[in-house]
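Okay, thanks for coming, everyone. Let me put something on the screen and walk you through two parts of it.

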Amino acid sequence: MFGHTTTTTPPPTDRGLEDLDAAALAYAARIEGLPPERRQEARDDLVRFALPFAGRLARRYRGRGEPLEDLEQVARLGLVNAVDRYDPERGSFTAYAAITIVGEIKRHFRDRTWGVHVPRRLRDLILEVGQATAALTSELSRAPTVAELAQRLETPEEEILAALESAAGYSPASLNAPVGGESSAEFGDLVGESDNALESVDDRVTVSGLLHALPWRERRILAMRFYGNQTQAEIAARFGISQMHVSRLLSRALTWLRQAMLADAPPPWQNGAAESAEPAKTRISVRQNGDRVVVEVGGDVGRDGADQLRRAMLEAVTGQPREVVVDLVGAGGVDAGGIAALMAGRDAAARTGVPLRLTRVQPAVRRSLAAAGLPAACD
């Protein structure tokens, strides 16, 4: 009706290796002049006819660690590609299809069968190392050394070692593999260990929140004792009270923390406000000293003074002076907010290339800064 040829592929009973070229030529003649929707039918007929040929090629590679069903699927994909790209003017379809299918199978082994990702360069080197190892073993009657492999392949020894280590990634051991004969243990049970610190995460988070509920003086004493490693005598001298008083304050604060952690709601702090001293107000002053900017800090830098300190340091750095000096001689204490402000100023100085130095730091403050990773900035 449409004037197209009616040549068809041989029937299934006539399938054989010698019929592939004839079937392909019949397919090429059949699709001439056909609309796209009719070509699909002829393509499917040729693919079905050549499936046994693809299966025979796939079976050549069985026993290499890959299921035969997967290899057959890869071979069929190669067959479809061969049919789609077939041009009768370029020669035998059988030869072209064999090259395409085998290439697809080898590509599958190269790219899809690794248990972990290994760069393409190392995968190719692993094959070369394997071939060189076999050749040198035959020549030397022993396993070759890394230096001998590097000399044969004209490759640095470091890359040879990397290839040998990466070869283990082809089929890594399963964590669920059983260990021992009748034991129910698995390989994963022997890898790693329990992190005991994870069990204390909830306690640390809870304590962190409860510390902010303590009066300022008790909070400072706890920080100086357990984070600053100061003695009770040093803390007493800092606050101008007796060592016995410091001991009582520590005992009461720790007792309250234990009760608060075990209760659904923290108990009220008894007489905390009456006995606690207010922190010294933060004092920030900025002055120009030639091409140097000096930021003088006084008082106790807590949560309220941290923003003021941060703004002063950022403004000093933005002016691009030769150096920014933060004078902490008058700073009696620096809490977490103050340390965060100092670190923000340090980071801003690093980004702009302006040297920043912390100077005349009190011993108690120096220990707090050292715990936060700022010891090198102090003098």
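I'll start with a helix and then move to some strands. Keep in mind that this is a predicted model.

So, helix H10, which covers residues 232–239. Which of its residues are buried? They are Ile235, Ala236 and Phe239. Now look down the axis of H10: those buried residues fall within an arc of 100°, so they line one face of the helix. In general, an α-helix has 3.6 residues a turn, so residues three or four places apart point the same way. And what do the buried residues of H10 pack against? Two other helices: H9, residues 216–227, and H11, residues 243–262.

Okay, on to the strands. Find strand S2, residues 292–301. Eight of its ten residues are buried, so the rest of the structure largely encloses S2.

Who pairs with S2? On one hand there's strand S1, residues 283–289, which runs antiparallel to S2 and is joined to it by seven bridges.

Bring in helix H13, residues 303–318, and you've got a right-handed β-α-β unit made of S2, H13 and S3.

Notes. Residues numbered from 1 in each chain as written. Predicted model: local features only at pLDDT ≥ 70, side-chain atom pairs only at ≥ 80, totals over all residues. Heavy atoms only, no water. Buried < 20%, exposed > 50% of the residue type's maximum accessible area, 1.4 Å probe, protein only. Helix = DSSP H or I, 4+ residues; strand = E, 2+ residues; numbered from the N terminus. Arc of directions from axis to C-beta. Contact = heavy atoms within 4.5 Å. Pairing = 2+ DSSP bridges. Right-handed = clockwise from strand over helix to strand, strands pointing away.
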